[in-house]
Amino acid sequence: MADARNNIPSPPGLPIIGNILDIQNEVPVKGIEHIVDLYGPIVKLNLFGKERITIASVDLLEELVDEKRFWKSPGDGLASLESTSKDAEKNHTGLFTATSEEDMDWQQAHRTLMPAFGPISIQSMFGEMHDIASQLVLKWARMGPTFRIPVTADFTRLTLDTIALCAMDYRFNSFYQDELHPFVQAMNTSLTASSDRLKLSSLVRKMLPWDKSGEKLKVDREYMKVLSRDLVQVRRDNPTDKRDLLNAMVKGKDPKTGDMMPDGLISANMVTFLIAGHETTSGLLSFAFVNLLQNPEAYFKAQQEVDRVVGRGKVRIEHMKDLKYIEAVLRETLRLTPTVPAFTRSMRHDNPNDFEPLAGGKYAVNRNDKILCLISKTHRDPKVYGENANEFQPDRMLDENFQRLPKAAWKPFGSGVRACNGRAFAWQEAQMAIALLLQTFIFRLDDPSYEMKIKQTLTLKPDEFYMRATLREGITAASLQRSLSSAEDTVTAAVHEGISRTGSGLTEDLKPLTILFGTNTGTCMSLAQKLSLEARRHGYQAHVVDMDAVVETIPKDHPVAIITASYEGEPPDNAAQFVTWLEMIKGEDTLSGLEYAVFGCGHSDWQSTFHRIPKLVDELLEKHGAKRIAPRGLSNAADGDMFSDFDTWTEHTFWPAVAPSSVADHEVSTSLDMEMAHQNRSSYLRQDVQRATVVDAKGLTALGEPEKRHLEVRLPAGMTYEAGDYLAVLPLNPAESVARVMKHFGLASDTTINIKAGAATFLPTGVTLSVADVLRGFVELNLPATKRDLQSCIPVCKSPMEKAALDVFTDKDNFAQITEQRVSLLDLLEKYPSIELAFGAFLSMLAPLRPRHYSISSSPLADPTTCSITYSRIEEAARSGVGRYIGVTGAYLSSLKSGDEILVSVRATNKFFHLPADVANTPVILFGAGTGLAPFRGFIQERAQQIAAGRQLAPALMFMGCRFASRDRLYGEEMDAWAKAGAIDIRYAFSRQPESSEGCRYVQDRLLKDKADVLQMWQNGARFFTCGSPEVSEGLSRVAQQILVEERAQRGEPLTMEQAKEWFVGKRNERFVVDVFA
C-alpha cells in the first residue's frame, strides 16, 4: 500500500518550502486547480514539509465520501477561525470547525440544534427573509436604472441581515449604512488570513518587523466573539418565545445527555452561523446572477417561471416548491462555482486499516493524510458532464436529470453527517430572493463583456461584478413599497412611471431618437455614434445605448434605430439578452406602437449565418407588432466598405423615412467648435482596457520574409484567460500618420485643442487635449474614406480640375476603387491639395479608434500571469498611391519593448474554440497557416505542460502552412521539441519549398496526402480546429468535402459536393470549429 501511495503524482519541490511556489495565485484555489490541470485528478503536494493530497475527479470523490472509510477533517484553512486563547471557556469549537464527529462540542451542538434546522422551522422564517429581501429591492428601485449595483456587497448585506434576524432576532440594518457592518469587516480579515496563509506575499509580510496583520487578526477574532457573546446575553436578559436558533441553543437540551449548551459553545456556534449562514449564500446569489445575465435564455426562462408561478402577487412560501427552474439555476451555479470550492477528508479513526486504496489499488492514502476534495474540479468532470462541462446549462439540473447523476457528482454542501446543516435555510433564502428580484426588475450587465473574475477569502465570490436594474413595466418605486408590505395576494395596480431614456435635456425643437447597438469589436458602436452626430441636423436628439439596455423597456413613443452584427450566427455580447427576450416574447401585439429600423453588419465567410442576427431582430420586431419605418440595411465586412454602406443607408433610406421634411446640410460635415493653444501634451486612457506590461518582444521570421512577431505581456492582476481566447489591444496610430496630419493642417507639435462642452462628438469635451495625442490615440486615420467623406470634400475643393476628378468617384463602380485601394480621408486631402477642409471638420469625420483582437498564442498552464500574441507587421507601398501603408496595430506592437505599458483586455473566443475537456480521450486535429498558428501554439503548449507532468493525452495532429522550412517556420525549435515530447504530430506544407514537405505546397495539399490518418482520427472522435485566412479556410473546406465524397463513395453512399458542404455545416461547432481572420 505504501508503494501505491507513492504512485500519486507529485511535482518536484524546493528544499524547505516544497511546492509553495507551484500553487501561487491571486485566487489560491486557482493555483491548486492549475496543478490538477497539469498532473491529473490526483496529486500530492509538499507544503513546508507537510504532504497534502488533492483529488479532482468524481470517481475518486465517490470513494472519499464513503462514510465507512472516511470522514470530514477540517482543513488547514479553518484554523484561522479557531480561538487561540488559553481560556478554556473561549476554546469551544463550532459545528463548522470541530475536528471530528468524536468532538464532544460537535456532538452536543449537533443533537441540540437538529430540530431547529427542520423544514417546519425553516419555513417559519420565510416572512423575515422576505422582510430583508424587500429592503434590498427597495434600495435598488430607488437608486434607478443608471446605478451600478455592487452585487456581492449588496448580497452580503442581504444574507448577513437575514441570518441575524432569522437566527437570533437581531437587526444589523446593513441597508441603512454605507459601509458593511463591522462584523463583516472582521470576518473578512479572518477569512482572508485563512485563504492567504500560503500566499508568498502573505508569508513574506508576516516576517517583516512592522507587520501588524497578526494583531489586527486577533482584534477582529475577539470582536466576533464579543459580539456573539453579547447577542447571547441580550437574549438571556430579554427572553422571548421565538423559535429561532438562538433560543434553541439557550433553552434547548441535548436529547442524549440532557445537558444545556454552555455560553462559550453557544458563542462559538453563533460565529459559525453568522459566517457560514451568509458568506456562502451571498456568493451563490452573486454567481447565479452572473450566470443568468451571461446566458439570456436561462435568464428569461427563470423570469417567465416567476411570472407563471407568482405573477404580480406577493412571493409566498408555497411558491417555492414550484420554482423548479430557479432551483436548477442554483444547482448549476453551485456546480460551476461552488462557493466553498473544496472540503477535506481523512481516514476515520475507527477504520482498522493503516492505508485505504483508491482507484482499485492504483493509489492509496494513509491514516495521517488529509485529502482535499477539490469540488470546483469534480463538478466539471467531463466523464460525468461531457464536453460542455464548463457551460452553464440549468436543464441538466432539473429533477430527473439531477437524480440520475452519480452520488458524488454534486457536493457543494459537503457530505455525510457533517454536511452543511443550513442547506435548507440557504436554499429557501436564495430561491425567494431570486424570485422577488426577477419579479420586480429587468437586469443587465453593467459591462456586457464582463468575464467572470473570482475573489477568494475562504469562500469564493465574483469580483468586480456590477449590474443595473430597471423596474419592470407597470411597477414604480412608490407602488413597489406598498406591494411589498401589502398583505393582499396581488400587487396594487400602479401607473407605470417609465424611466425616461431620452427626454432629459432636449431642446425645444429636437425630437427624441433612440439608437441601439450590438457589437463585440466596436464597429457597430462607431456606426451608432456616427448616426447620433447626424441626428441634430435632422431635428433629433439621439440617445445611444446598447441593445440589452432596453429589454422590456424599448421606447414606443419615438423612432428606434438598431445597428447590430452577427458573430457566427450569435448575437454580440451586449445584445444577447435583447435577442433572447425577442425570441421569448409571447403575443403578436406586445410591441405595438414601436417604430424601428435595422442596419446589420456581417461577414460573408460565415455564409450559413450571414446577417442572421439583424435579420432575426428585424423579423421578430415586426412579428410582435412593431412597425418597420425603413427597409433593413445590410453591409458585408468582406467588401471592406461598411461605413460607406451605412452612409448610403442613412442618407437614402433611414433619414428620408424618419425625417422626410428635414433639410440636412450635406455639403460639409459639422465642424467641431474648438479653441487652440500651445502647451505640453498629455495622455488620455481609454475604457474597457487595462494596463499590462510587455515582458518579451521579438521577431520570428528571417530578414526579407513577411514580418511575423511575438509579443508577451504580463497581465493586470485578476485578468485570466484560456488557451484559444483573444487579447484585445488598443493601439496608437503610427507617428508617421500623425505627422502627415499635422503637416497638412500646419499644426505645431505642441498644439492643443479644447472642444466645447456639448459638442456632438465621442471625443472628450471641455478639457484641453494635445492634438498629437488625439490623433495618435483617439481616432482612426487609416480607414478608407466613405462616400459621405467624399461628398463633404467636393464642395470645398477649389480646383476645378481636382473637383472633376473627385466627381468621378461619386459613381458607385468608381467609388469601389477608394475602398479597394484603401484611400483614406487623409490620402484624399494630400492627393487633392485644393480641398480646403478645416481641421475641426476633418476631426469630426473620423471614426473612434477601436481595439484590435489577436488570438492568444500561449497557455495559462505555462504561466497564468502572462500571455503572448503572434502577429504580422505590414508596411508596404500604399494601394492608394500616396506614400506607404503602415498597419496600425502591427506598427504599434513592433515598437514596444520589454517594460513598456500596453492597454489590453482578454476577450472570450467562440466557446467551442478550446481544447476538449476530456483531454485523455478526445484527439484533436489542427489546421492553419502563417499566424494562424497562434491559438494552436497555446493548445500545444498546454498539452506539453500536461505531458511533462505525467498526463496521458489523446493524439494531436497539426497541418501547418509556411513559405520555407527555415525562414518563416514560426517557433520552429519549440515546435520540434514539443513534437519530440509527444504533444503534437506536425505535418508541414512549404509553399516555396514543397520538396521539403513531401511535395505538398499548401496545407490542403498535405491534408489530401495524409487523409488516411485524418479519417482514422475522425473515427476515434477527434475534434477539428481551423485558424487562418478566408483563402486557407476555403481551400481546406474544398479538400475536406472531396475526401468526404470519396469516402462515402467507397461505402456505397454517394454524395454530391453540395451535400458534402451541407454535411460539414451541420457539424460546425460540434466536431469542426473555425476561426477565420482577415
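## How strands and helices are counted

Two strands are said to pair if DSSP finds at least two bridges between them, and the strands themselves (E, at least two residues), like the helices (H or I, at least four residues), are DSSP runs numbered from the N terminus. This is a predicted model, in which local features need pLDDT of at least 70 and side-chain atom pairs count only at pLDDT 80 or more, while totals for chains, interfaces and linings use all residues. Residues are numbered from 1 along each chain as its sequence is written, and side-chain values use heavy atoms, with hydrogens and water left out.

## A sheet of 3 strands

With those terms in hand, an open sheet can be described in which 3 strands follow the order β4-β12-β9 with antiparallel pairing. Its edge strands are β4 (149–150) and β9 (441–445), each of which pairs on one side only. Between β4 and strand β12 (residues 466–471) there are 2 bridges, and these two strands run antiparallel; within this pairing, P150 stands opposite Y466 in β12.

## A sheet of 5 strands

Another open sheet has 5 strands in the order β1-β2-β8-β5-β3, and its pairing is mixed. Because β1 (42–47) and β3 (70–72) stand at the edges with a single partner strand each, one side of each is left without a neighbour in the sheet. Neighbouring strands of this sheet are turned by 35 degrees against each other on average, direction ignored, where the axes are lines fitted to C-alpha atoms (for helices over the stretch in contact) and angles run from 0 to 180 degrees between N-to-C directions.

How do β1 and β2 run where bridges join them? They run antiparallel, with 6 bridges joining β1 to β2 (residues 50–55), and among the partners are K44 with I53 in β2 and I42 with I55 in β2. The two strands form a hairpin with 2 residues between them, and F48 in the turn has a positive phi of about 50 degrees. On the other hand, β2 and strand β8 (residues 371–374) pair in the parallel sense over 3 bridges, and I55 stands opposite C373 in β8.

Relative accessible area is used here to sort residues into buried (under 20%), exposed (over 50%) and partly exposed (in between), with a 1.4 Å probe and protein chains only. T650, which has its place in helix α23 (residues 642–658), counts as buried because its relative accessibility is 0%. The side chains of T650 and R788 are joined by a polar contact of 3.0 Å; such a contact is a pair of N or O atoms within 3.5 Å, where within protein one must be able to donate a hydrogen and the other to accept it, and where residues adjacent in sequence count only if both atoms are side-chain atoms.

H379 lies in the loop between α15 (375–378) and α16 (382–385), and H379 too is buried, with a relative accessible area of 0%. A polar atom of the side chain of H379 lies 3.2 Å from the backbone oxygen of L334. D59, found in helix α3 (residues 58–64), counts as exposed at 51% relative accessibility. Although D59 and T378 are 319 residues apart along the chain, their C-alpha atoms are separated by 8.8 Å.

## Pockets and cavities

Rolling a probe the size of a water molecule over the atoms shows where empty space is left. On a 1 Å grid over the protein atoms alone, a cavity is a set of points where a 1.4 Å probe fits but cannot get out, whereas a pocket is an open set with protein on both sides within 12 Å along at least five of seven lines, and lining residues have an atom within 4 Å of a point. Grid points are joined across faces, edges and corners, and a volume is the space filled by probe spheres set on the points.

The second largest pocket has a volume of about 1,000 Å³ and is lined by 39 residues, of which L1036, S1037, A1040, Q1041 and F1064 lie nearest its centre. The largest share of this lining, 12 residues, comes from α36; the elements that each supply at least two residues include α36 (1030–1050), α37 (1057–1066) and β34 (1072–1076). By this rule there are also 6 cavities of 30 Å³ or more, and the second largest cavity holds about 60 Å³ of space, with L293, R444, L445, P448, D546, D548, D573 and Q577 as its lining.
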